[in-house]
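Please have the picture open while I talk.

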Amino acid sequence: MITNQNTNIVLTLKNNVCIVPNYFVSKGGVHMDRIVKIEIITRQNKFESLKEALNKINVSGMTVTQVLGYGNQKGRTEVYRGTEYSVDLLPKIKIEVVVPENLIDPIVSVTTQICNTGNIGDGKIFIYPIERVIRIRTQEEASNAI
Amino acid sequence: MNLEMITAIDTLWVVLCAAIVFFMQAGFCMVETGFTRAKNAGNIIMKNLMDFALGSITYWVVGFSIMFGVSAGGFIGGLDLFSTGTFEHLGLTIPKEAFLIFQTVFAATAATIVSGAMAERTKFSSYLIYSFFITLVIYPVVGHWIWGGGWLSELGFIDFAGSTVVHSLGGWSALMGAWILGPRLGKYTSDGKSQAIPGHSLTLGALGVFILWFGWFGFNPGSTLSGMDSESIAHIFVTTNLSAAMAATVTMAVTWIRYKKADVSMTLNGALAGLVCITAGTHIVSPAGAAAIGAVAGVVIVFAIEFIDKVLKIDDPVGAIGVHGVCGAIGTLLVGVFAVDGGLLYGGGLDLLIIQAIGVAAVAAWTLVTTFILFKTIKATVGLRVHAEEEINGLDIEEHGIESYADFQPKNITLTQQV
């Protein structure tokens, strides 16, 4: 194993040279980890803190969407010019990150820590398996692509 | 002070006020776009723009002379195509053209009231046809009765700046138009329950109301037609403002009690209701009287809007019928109560009140009948309403081939730390 300045590790495998980020290496060798997508739906005002916390645990990229939805929180009733109507869809934020599976626990832990207010409407975390990941610029795949 | 100076001061005053009243078109435009959905904003803009443009031309060609020409039996003025005559029988202290432009912006105000009540489902071409006829004959005839030396003014009917001539006329036209048009899709459930269709920009709506309030400071005092009338002008500024302020306050209070929260859009309507109500008697009621009139307007408007929406089941997206029709009529009647000279509360008995009632009823009858004929005819010939699919897609894209907010993506994600 050769370690370079950037804390990447260069491995020479039979006929292949593979550059993998440092954290993939553990006792015994390199894991070609499963890659997952973690989808976090939570309150809009939690976004900034959550983003910073995720950056701190090396989650460097994310896709953020504004969404409308409801769960147990239901909606609320408003009055417009004398007429009552229900607003069932509440604005939330959806954060999608694609990460190796060893980041699942850190991310879940950080998210619940930051987004938990104890009230209904805190949101959900969904975890999906990812079949393939491709970096458009270089056509790299799998762990080299995230 | 010589005649030249007086003419100059009078003319300056009238044309300045004409410009201020013109600016009310922007007010109407903003109120109407703000209280309706974004997909129809461009259509509302066109209706407001064109009822002014078309109205200006129609009024110049025909309307003005019908309104102010030499009276034929107190019913209608003598037609003078393109208003070329001297109109010296009016005894104006200002040039004819100053009077013409001042009256034009008033006519356009009446016409544009209707576009709000008929918003979001009217065929644009049909609306243009309506604009043509209202400034051609419907408005001028009423104007003749009351300002052009016609039979109502002979009776002693008082409508200083147009609670009846402009506002109730617009309001009744709006009532007829909205009723014949039918409600917007989705406004009422199958068992007739009213649904809320919130407007897309309360900020635009508020801007519109402030512009209208400002415009009223030209609308009311300008009707003195003389800049020499210092006492009157000053008094009118005060009564106008007090009525608006009181109405807004009272409406706020009513909504606070009724809906548990101070309602923004209703309170905005409240201010307008106060302005409409004071317009008839702004020169001859006391400041306290103006405040009282405003208070009445503040209460009436909430219940009028709810009544029209929930009981009559007429869909009026902006509350134009309540603000202009109902409050225009009430304001005119209240002159019979609060006029310092001849009002009920000042020992004048019921005489003035009865005359006011006659005028209100006559104008309502004329307007309702003529607009009934007009809108029914339009409906039977070219059609009044757009197709369901067009209404759902939005009139901006269907009638005008554009989107008003094509490049408008509000960045909602909070970019700063929030609690």
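What pLDDT does chain A average, and what share of the residues score at least 70? Chain A averages a pLDDT of 81, and 78% of its residues score at least 70, where pLDDT is the predictor's confidence in each residue, on a scale from 0 to 100. This is a predicted model, in which local features need a pLDDT of at least 70 and side-chain atom pairs count only at pLDDT 80 or more, whereas totals for chains, interfaces and linings use all residues. Residues are numbered from 1 along each chain as its sequence is written, and chains are lettered from A and ligands numbered from 1 in the order in which they are written.

Two stretches of chain A call for care. Over residues 1-15 of chain A the pLDDT is below 50, and this stretch has 19 contacts in the model beyond near neighbours in sequence, a contact being two residues whose C-beta atoms, placed from the backbone, lie within 7 Å. Residues 17-31 of chain A also have a pLDDT below 50, with 22 contacts beyond near neighbours in sequence.

As for the fold of chain A, there are two helices and eleven strands, where helices (H or I, at least four residues) and strands (E, at least two) are DSSP runs numbered from the N terminus. Read from the N terminus, the order of elements in chain A is β-β-β-β-β-β-α-β-β-β-β-α-β. Of the 146 residues of chain A, 14% count as buried, which is to say that 20 or more other C-beta atoms lie within 10 Å of the residue's own, while 12 or fewer makes a residue exposed and anything in between partly exposed, with C-beta atoms placed from the backbone. If we take the contacts in chain A between residues at least 6 apart in sequence, 64% of them join residues at least 24 apart.

Let me turn to where the chains meet. There, 13 residues of chain A are in contact with 17 residues of chain B. On the chain A side, the elements that give two or more residues are helix 1 (47-56), strand 7 (63-69), strand 8 (76-80) and strand 9 (83-87). The residues on that side of chain A divide into six nonpolar, five polar and two charged; here Ala, Val, Leu, Ile, Met, Phe, Trp, Tyr, Cys and Pro count as nonpolar, Asp, Glu, Lys and Arg as charged, and the others, Gly among them, as polar.

Now to the helices of chain B. Helix 1 (residues 3-34) and helix 3 (residues 96-117) of chain B pack at an angle of about 15°, with their axes 9 Å apart; axes are lines fitted to C-alpha atoms, for helices over the stretch in contact, and angles run from 0 to 180 degrees between N-to-C directions. That angle makes helix 1 of chain B roughly parallel to helix 3 of chain B, since angles under 35 degrees count as roughly parallel, over 145 as roughly antiparallel, 65 to 115 as roughly perpendicular and the rest as oblique. The crossing of these two helices of chain B is left-handed, meaning that the near helix is turned anticlockwise from the far one by less than a right angle, whereas clockwise would be right-handed. By class, the contact between helix 1 and helix 3 of chain B has 15 nonpolar, six polar and one charged residues.

Helix 7 and helix 9 of chain B have axes that come within 10 Å and cross at roughly 15°, so helix 7 of chain B is roughly parallel to helix 9 of chain B. Their contact includes Trp213(B) and Trp216(B) of helix 7 and Leu268(B) and Leu272(B) of helix 9, and by class it has eleven nonpolar, two polar and no charged residues.

Which loop holds Gly199(B)? Gly199(B) lies between helix 6 (163-181) and helix 7 (202-222) of chain B, and Gly199(B) counts as buried because 21 C-beta neighbours are inside 10 Å. Among the residues that Gly199(B) touches are Phe35(B) and Ser265(B).

Finally, two backbone angles. Most residues other than glycine have a negative phi. Glu120(B), which is not a glycine, has a positive phi of about 80°, and Glu120(B) is buried, with 24 other C-beta atoms within 10 Å. Lys260(B) has a positive phi near 70°, but Lys260(B) is exposed, with 9 other C-beta atoms within 10 Å.

Definitions and conventions. Lists of a residue's contacts leave out its neighbours within four places in sequence.
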